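Please walk through the fold below with the explanation that follows.

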Amino acid sequence: MSIAFTFPGQGSQAVGMGKDLAEAFPEAAAVFAEVDEALGEKLSDIMWNGPEETLTLTANAQPALMAVSMAVIRVLEARGLDLKGKVSFVAGHSLGEYSALCAAGTFSLADTARLLRIRGNAMQAAVPVGKGAMAAIIGLEHGDVEAVCGEASGLGSCQIANDNGGGQLVISGEKQAVEKAAALASEKGAKRALMLPVSAPFHSALMAPAAEAMREALAKVEKRDPIVPVVANVLAAPVSDAGEVARLLVEQVTGQVRWRETVEWFAANDVTTLYEIGSGKVLTGLARRIDKTVTGIAVNSPADVDTALAALLA
């Protein structure tokens, strides 16, 4: 019976996130100040005061979500949590994988902030606005969604981007192909096939230029083997080598986030509790739908931190 820490991805951002942590804990305030300095701008001001549309921009949301996650981690550690001693695995959803790796010591906080700014900008720039699209398919099996993507691919690139579990899959690619796949999914009995209001076709082959940008950026930063194994998005299996971590982060830009399989892997390997570290409760909700034997606990407020510490240090 063991514990894993998970770290949220894009979509979990909200104006005001992390402000209560910064006001309650000097260690949290220091994280936000360090991220601001690394990026050469007051990202914390956008996080706490908005406007929402500026925070939601990919290049802001990615480092901002990481900053909140790392603020929680630093507070837990300052109050006695030994990550290596207490936590068996870490994992993060898409950009959350960078948060997980920062928590596990692979990248410094400043380097993680800069990598995520590069990643956000590169993903946004990879595809002209309007060329790509994403859609959520609810209520079809993975194989059925893969099949409709294959049928639609005559109109362009189309693939599964996220397998979030609980019958929720996200597809991504060229707009015409994604629209066709969504229509086919409805015909095959999907409960819903919903085009998503996103700015780019994330986790698709169209992101190849962004993958190349990340290959270059990751080659230049100092990397250490994670102190806790990281369950990688594209493998749904643990990795402990810094070089392999970097290679998989490049692959992740165009590859599938295998979150359902990640949670299933945790359950099969005696992980009973998933602490979601950072903004929101998205991953906690997904865990509940994927495997009832795993308990999800969101940790993002000062009260959550106190409750988590009481359990983790017991």
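How many aromatic pairs does the structure hold? The structure holds six. Rings of Phe, Tyr and Trp (its six-membered ring) pair if their centres lie within 6.5 Å; planes under 30 degrees apart are stacked, over 60 edge-to-face, and the rest tilted.

This is a predicted model, where local features need pLDDT of at least 70, side-chain atom pairs count only at pLDDT 80 or more, and totals for chains, interfaces and linings use all residues. Residues are numbered from 1 along each chain as its sequence is written, and side-chain values use heavy atoms, leaving out hydrogens and water.

Take Phe32 and Trp48. Their ring centres are 5.3 Å apart and their planes stand at 80°, so this pair is edge-to-face. Phe32 belongs to helix H2 (residues 26-39) and Trp48 to helix H3 (residues 43-49), so the pair ties together parts 16 residues apart in sequence. Helices (H or I, at least four residues) and strands (E, at least two) are DSSP runs, numbered from the N terminus. Phe32 is buried, with a relative accessible area of 1%. Trp48 is partly exposed, at 22%. Buried means under 20%, exposed over 50%, and partly exposed in between (1.4 Å probe, protein chains only).

Now turn to Phe89 and Phe266. Here the centres are 6.3 Å apart and the planes at 45°, so the pair is tilted. Phe89 lies in strand S2 (residues 89-92) and Phe266 in helix H13 (residues 259-268), so parts 177 residues apart in sequence are tied together. Both Phe89 and Phe266 are buried. Ring pairs link Phe89, Trp265 and Phe266 into a cluster.

Next, the sheet. Four strands form an open sheet in the order S4-S5-S3-S6, with antiparallel pairing. Strands S4 (158-165) and S6 (192-195) are at the edges with a single partner strand each, so one side of each has no neighbour in the sheet. Two strands pair if DSSP finds at least two bridges between them. Strands S3 (residues 132-138) and S5 (residues 168-174) pair over seven bridges in the antiparallel sense. Ala133 stands opposite Gly173 in S5.

Strand S4 also holds Asn164. Asn164 is buried, with a relative accessible area of 5%. Its side chain makes a polar contact of 2.8 Å with the side chain of Gln168. Another, also 2.8 Å, reaches the side chain of His93. A polar contact is a pair of N or O atoms within 3.5 Å; within protein, one must be able to donate a hydrogen and the other to accept it, and residues adjacent in sequence count only if both atoms are side-chain atoms.
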